[in-house]
Amino acid sequence: MSGTPIANEIRRLRFEHGGMTQQALADACRVTRQTIIALEAGRYAPSLELAFRIARTFGVGVEDVFRWPA
């Protein structure tokens, strides 16, 4: 099995927040751009701390960013 079953809305949220770049999100969350790329592609599941950082950056709840598909 490749990837992670955790889906996310990071790309959509970036565009809804003024077209935020992957680098800007990475800087805000104190990770690398490669981490954001892997998250958006579904190749990486974030730590709980990173999930909260991303959600806080967008001003939404963690479940508005990440979901476990049924």
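The entries below go from the whole chain to single residues.

**Ground rules.** I am working with a predicted model, in which local features need pLDDT of at least 70 and side-chain atom pairs count only at pLDDT 80 or more, while totals for chains, interfaces and linings use all residues. Residues are numbered from 1 along each chain as its sequence is written, and side-chain values use heavy atoms, with hydrogens and water left out.

**Entry 1, the whole chain.** I began with the secondary structure and found five helices and two strands in the chain, where helices (H or I, at least four residues) and strands (E, at least two) are DSSP runs numbered from the N terminus. Read along the sequence, they follow the pattern β-α-α-α-α-α-β. The radius of gyration of the chain is 11 Å, close to the 11 Å that the globule rule gives for 70 residues, so the chain is as compact as a globular protein of that length. For this, the radius is taken over C-alpha atoms, and the globule rule is 2.2 Å times the number of residues to the power 0.38. I also noted that the C-alpha trace spans about 35 × 25 × 20 Å along its principal axes.

Next I looked at burial, and of the 70 residues of the chain, 31% count as buried; buried means under 20% relative accessible area, exposed over 50%, and partly exposed in between (1.4 Å probe, protein chains only). Among the contacts with a separation of 6 or more, 56% come from residues 24 or more positions apart, a contact being heavy atoms within 4.5 Å.

How do helix 2 and helix 4 cross, right-handed or left-handed? I looked up their axes, which come within 9 Å and cross at roughly 115 degrees, for helix 2 at residues 22–29 and helix 4 at residues 48–58. The crossing is right-handed. On the side of helix 2 the contact is made by Leu25, Ala28 and Cys29, and on the side of helix 4 by Leu50, Arg53, Ile54, Thr57 and Phe58. I sorted these residues into six nonpolar, one polar and one charged. Axes here are lines fitted to C-alpha atoms, for helices over the stretch in contact, and angles run from 0 to 180 degrees between N-to-C directions. A crossing is left-handed if the near helix is turned anticlockwise from the far one by less than a right angle, and right-handed if clockwise. Ala, Val, Leu, Ile, Met, Phe, Trp, Tyr, Cys and Pro count as nonpolar, Asp, Glu, Lys and Arg as charged, and the others, Gly among them, as polar.

Arginine 14 is buried, with a relative accessible area of 5%.

Another bridge, between arginine 53 and glutamate 49, has an N to O distance of 2.4 Å; both residues lie in helix 4, four residues apart, about one turn of the helix. Arginine 53 is partly exposed at 23%. I also found glutamate 9 and arginine 12 paired at 3.0 Å, N to O, and Glu9, Arg12, Glu16 and Arg67 are linked in a network of salt bridges.

Which residues does proline 5 contact, leaving aside its neighbours within four places in sequence? They are Arg67, Trp68 and Pro69. Proline 69, in the segment after strand 2 (66–67), touches Pro5 and Ala7, not counting residues up to four places away.

Arginine 30 lies in the loop between helix 2 and helix 3 and is exposed, with a relative accessible area of 62%. Its phi is near 60 degrees, a positive value in a residue other than glycine. Most residues other than glycine have a negative phi. Threonine 35, in helix 3 (residues 33–40), counts as buried at 19% relative accessibility.

Key: Salt bridge = Lys/Arg side-chain N within 4 Å of Asp/Glu carboxyl O.
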